[in-house]
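Have the sequence and the model open side by side for this one.

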Amino acid sequence: MGRANPYLIRGPDGPGMIVYILGGFLGSGKTTFLKTLTKHYLDSGKKVAILVNEMGDIGVDGSTLRSEGFKAVELPDGCICCTLTQSLFEAVAGIKEEIDPDVFIVEPTGLALPQKVRDTIVSTGTDAENIGIIGIVDVPRFDLFMERKKGFFLEQISESDLILVNKADGQPAEKVEGVLAVLKDLYDVPALVVSGKTLEGVDRFLEALR
Amino acid sequence: MKTSAEMAGGTAVGFKGRIRGFNADAERRLGDMLMAIGRWAESESGVMMGHIKMSVSTDTGGITLNLTDISEGVLHHGALRPTREAEFHIMAALTDVDRSELEHEMMHAMDDSGVFLEFDHRGHSHDHSHDHEHVHGDDCGCRIGVKDDEPEQDSEEDEEEPRGKCCRRKYDFR
């Protein structure tokens, strides 16, 4: 299946539920952007549903989100892109029926392939055009991932509709440019330099969700 | 067909329970505990790839400790006042480490932390070079921990010091 929206990700102002899938390797900053997106849409008066997935039988993000006042569905003990596809299907169907959100944000594990998550969500009857994959890469560890996990790492972000080049704060400009150059060579999608920590570039990211 | 975790060479382990006597010192110790797990992962695979996270929370707030890069250290988010009891969750999702060994190292790191962590009931089963699995701390009758050249002890001594402890410590799962 090809990318739903090759240049910009659709925002929640049109009809139907918008789904954002946050993809990226372990520790890339997915949870930080999950919170950023959720706060943004809640502040805009949108109804938001969150689903977080943990590889282990016990996770941390669900309890963290709940302690910060977010309502999140947690699917632990497996991966929603492969071993928990049925659980994901049922959870999405339940969320649509019971919450009927404007925005549905999914954070798979850092070991998931987000395009497979998208395929399962599409199978619930969700319009593929309303699903955006936001790939997040970690600048400081980009070279390490390319050296040690290149095949998986590149496949993980290969079907992103938008790539966030995260943790750019404090990194040499040439390193950030190097990451952007590699991504530009490989993928025909926009890449935004951001920092979940300093919030650099976050406004541009939110503007891209139109 | 491989799962995505298998494709990435990743695994994850988590625990949850209650922490007694949380304060600034406990928070510091928990940070050190995450670093100990991270350093073990680094020693195993050359570099820690993945993340180790912990949350400590009550009804009034919570903190999250997050380690993704050993050189950067543990990042602390949120705030939690000193409290007699709080809930904790800890998980490590790492690549290129053995799941059983990771679970084992996490148990030891938690035990060594000096923080009173009371686990929700959960069996901790691993092999530890055994040819079978059993629960952490159980006497299994095998000879783990006994030197190869050490002669078999007679049955009377066996009763005094049982052989075959799964590892050097016992854990109290409540």
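Let's settle one term before anything else: a residue is buried if 20 or more other C-beta atoms lie within 10 Å of its own, exposed if 12 or fewer, and partly exposed in between, with C-beta atoms placed from the backbone. Helices (H or I, at least four residues) and strands (E, at least two) are DSSP runs, numbered from the N terminus. Keep in mind that this is a predicted model, where local features need pLDDT of at least 70, side-chain atom pairs count only at pLDDT 80 or more, and totals for chains, interfaces and linings use all residues. Residues are numbered from 1 along each chain as its sequence is written, while chains are lettered from A and ligands numbered from 1 in the order in which they are written.

Start in chain A with helix H1, residues 30-43. Its 14 residues reach 20 Å from first C-alpha to last, close to the 20 Å expected at 1.5 Å a residue (the expected span is 1.5 Å times one less than the number of residues). Which residues of H1(A) are buried? They are A:Lys30, A:Thr31, A:Thr32, A:Phe33, A:Leu34, A:Leu37, A:Thr38 and A:Tyr41. An α-helix has 3.6 residues a turn, so residues three or four places apart point the same way. The buried residues of H1(A) pack against helix H2 (61-67) and strands E1 (18-23), E2 (48-53), E4 (103-107), E5 (131-138) and E6 (162-166) of chain A. After H1(A) comes A:Gly45, with a positive phi near 85 degrees.

Now hop over to chain B, with its 4 helices and 8 strands. From the N terminus on, they run α-β-α-β-β-β-β-α-β-β-β-α. Of the 174 residues of chain B, 35% count as buried. Two residues are in contact if their C-beta atoms, placed from the backbone, lie within 7 Å. Among chain B contacts between residues at least 6 apart in sequence, 67% join residues at least 24 apart.

Next, zoom in on E2(B). It is largely enclosed by the rest of the structure, because 8 of its 9 residues are buried. Pairing here means that DSSP finds at least two bridges between two strands. E2(B) pairs with E5(B) in the antiparallel sense over 8 bridges, and B:Ser55 has B:His89 in E5(B) as its bridge partner. E2(B) also pairs with E3(B), again antiparallel, over 7 bridges, and these two strands form a hairpin with 2 residues between them.

What about the meeting of the two chains? The contact takes 29 residues from chain B and 27 residues from chain A. On the side of chain B that touches chain A, the elements giving two or more residues are helix H1 (4-8), strand E1 (10-22), strand E2 (50-58), strand E3 (61-67) and strand E5 (83-95) of chain B. By class, that side has 12 nonpolar, 14 polar and 3 charged residues (Ala, Val, Leu, Ile, Met, Phe, Trp, Tyr, Cys and Pro count as nonpolar, Asp, Glu, Lys and Arg as charged, and the others, Gly among them, as polar).

Finally, find B:Phe116 in strand E6 (residues 116-119) of chain B. Why does B:Phe116 count as exposed? Because 12 other C-beta atoms lie within 10 Å.
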